[in-house]
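Subject: Two-chain model for you to look at

Dear colleague,

I am handing over the structure below, together with an account of what I found when going through it. Please read the notes with the coordinates open beside you.

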Amino acid sequence: MTEGPPDDLLDGLVAGQECAFAAIYDRHGAAMLRVAAAIAGSREEAEDAVQDVFVGLVRAGERLRAVQNLRAYLFASVRRAALRRRRRRRPAALASHDVPEARASREAGDAETAARLERALALLPQEQREVVALHVDGGLTFGECAEILAISPNTAASRYRYALGKLRDALKE
Amino acid sequence: MKPPDLPADLQEVDRRLLARPRPKPSPAHRTRVLAAVRDALAARRLPWWRRPGAWQMAAAAAVLILWVNVAVSTFEKPFEFPSDGGNGHSLRASAEAIRTLVPQLAEQEALRQALLLRAGAAVRALPRLRVEAGEGRGLVYPKEVSSWVLP
């Protein structure tokens, strides 16, 4: 992992300073929301998952002192929260795998390709979808993805490659 | 970092993935998350018994402890009343055995004797202690048992 937060930010989280939580949201909130949406398959579930993570940070309290890399911890937490939310959803809701921004784009143009890409992403195996979410939407390296998913960087890269192949085939159909 | 030797068609998919529209956090979401953080921080500062869910947790723990206690005591001392006195013979069988040996005994008397036999079998040997008055006001108990009271 390359990026770590300043120690005072971690200290602020442990001490329960609201400004520290706001700083974390401003720094990582957008990427966390994208990752959560890609995994959970819905903007609403993604927003709830991100909120779960922040409430979890408050509850962790002193345990946060053991965190070596807050960025990795945040994305690992948001992945778990999004998976939990996804499992709770009904299968019918999962099939749509939709976010409002994507819908708007489809209406504007390139609609068919965008729709097919979203459908293909939703049909990817979970392990591949997670790597795509963390790498593309979270902006993490394969090394960082590997650390979060407890796999080797080569495995993370392979899963991404397999996912790209499936998406390519889906776009060709 | 990209996977090495990514062919052009996969690079194109990679580019499309990055270019696709993705959700952006709204100001309302930021406000909502920070409000939830504020609530959680306020709850964290409360004593444990005033935190949300504390009583439910305490009640669940109490029920669990009670269940474990009942389960363990039930396992160790099953709720049963030994009809045979625990020696493998029923009272009536013992009375019949006594009447076979002493046919002239009445049935009631045989049952009484069987009861006495059972009571005797349950008696434990007790130490016979000789307690003596000490020099002061206290009593002196012997360190060794001189004899036993046997049933």
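In H2(B), the buried residues are His29(B), Val33(B) and Val37(B). They lie on the same side of H2(B), because the arc that they cover around the axis is only 75°. The other side of H2(B) carries exposed residues, namely Pro27(B), Ala28(B), Thr31(B), Ala35(B), Ala42(B) and Arg45(B). Please keep in mind, here and throughout, that this is a predicted model.

The helix itself comprises residues 27-45 of chain B, and at 1.5 Å a residue its 19 residues should span 27 Å, which agrees with the 27 Å between its end C-alpha atoms. As for the partners of its buried residues, they belong to chain A: the packing is against helix H2 (18-40) and helix H3 (43-60) of that chain.

**The contact between the chains**

Taken as a whole, the contact between the two chains involves 39 residues of chain A and 26 residues of chain B. On the side of chain A that touches chain B, the elements that give two or more residues are H2, H3, helix H6 (100-108), helix H7 (111-123), helix H8 (126-137) and H10 of chain A. Sorted by class, that side of chain A has 23 nonpolar, seven polar and nine charged residues.

**The two chains in outline**

Chain A has 10 helices and zero strands, and 44% of its 173 residues count as buried. Among the contacts in chain A with a separation of 6 or more, 68% are between residues 24 or more positions apart.

Chain B, by comparison, has five helices and four strands, and from the N terminus on its elements run α-α-α-α-α-β-β-β-β. Of its 151 residues, 8% count as buried, and residues 24 or more positions apart account for 17% of the contacts in chain B with a separation of 6 or more.

**Helix H3 of chain A**

H3(A), one of the two helices against which the buried residues of H2(B) pack, has 18 residues that should span 26 Å at 1.5 Å a residue, and the 25 Å between its end C-alpha atoms agrees with this. Its buried residues include charged side chains by name, among them Arg43(A), Glu45(A), Glu47(A), Asp48(A) and Asp52(A), and they also include Ala46(A), Ala49(A), Val50(A), Val53(A), Phe54(A), Leu57(A) and Val58(A). Just after H3(A), Gly61(A) takes a positive phi of about 55°.

H10(A) covers residues 153-172, and its 20 residues should span 28 Å at 1.5 Å a residue, which agrees with the 29 Å between its end C-alpha atoms. Which of its residues are buried? They are Ala156(A), Ala157(A), Arg159(A), Tyr160(A), Ala163(A), Leu164(A) and Leu167(A). These residues cover an arc of only 160° around the axis, so they are on the same side of H10(A). On the face turned away from that buried side, H10(A) carries the exposed residues Asn154(A), Asp169(A) and Lys172(A).

Two packed helices are described by the angle between their axes and the distance between the axes. For H8(A) and H10(A), the axes come within 8 Å and cross at roughly 100°. An angle of 65 to 115 degrees counts as roughly perpendicular, and H8(A) and H10(A) are therefore roughly perpendicular to each other. H8(A) contributes Glu127(A), Gln128(A), Val131(A), Val132(A) and His135(A) to this contact, while H10(A) contributes Ala156(A), Arg159(A), Tyr160(A), Tyr162(A) and Ala163(A). By class, the contact has six nonpolar, two polar and two charged residues.

**Two local details**

The loop between helix H9 (142-149) and H10 of chain A holds Ala150(A), which has a positive phi of about 60° although it is not a glycine. Ala150(A) counts as exposed, because it has 8 C-beta neighbours inside 10 Å and the cut-off for an exposed residue is 12 or fewer.

In chain B, Glu96(B) is found in helix H4 (residues 91-101) and counts as partly exposed, with 15 C-beta neighbours inside 10 Å. Glu96(B) and Glu107(B) are 11 residues apart in sequence, and their C-alpha atoms are 8.4 Å apart in space.

Methods. Residues are numbered from 1 along each chain as its sequence is written. Chains are lettered from A and ligands numbered from 1 in the order in which they are written. This is a predicted model: local features need pLDDT of at least 70, side-chain atom pairs count only at pLDDT 80 or more; totals for chains, interfaces and linings use all residues. A residue is buried if 20 or more other C-beta atoms lie within 10 Å of its own, exposed if 12 or fewer, and partly exposed in between; C-beta atoms are placed from the backbone. Two residues are in contact if their C-beta atoms, placed from the backbone, lie within 7 Å. The expected span of a helix is 1.5 Å times one less than its number of residues. The arc is that of the directions from the helix axis to the C-beta atoms. Axes are lines fitted to C-alpha atoms, for helices over the stretch in contact, and angles run from 0 to 180 degrees between N-to-C directions. Angles under 35 degrees count as roughly parallel, over 145 as roughly antiparallel, 65 to 115 as roughly perpendicular and the rest as oblique.
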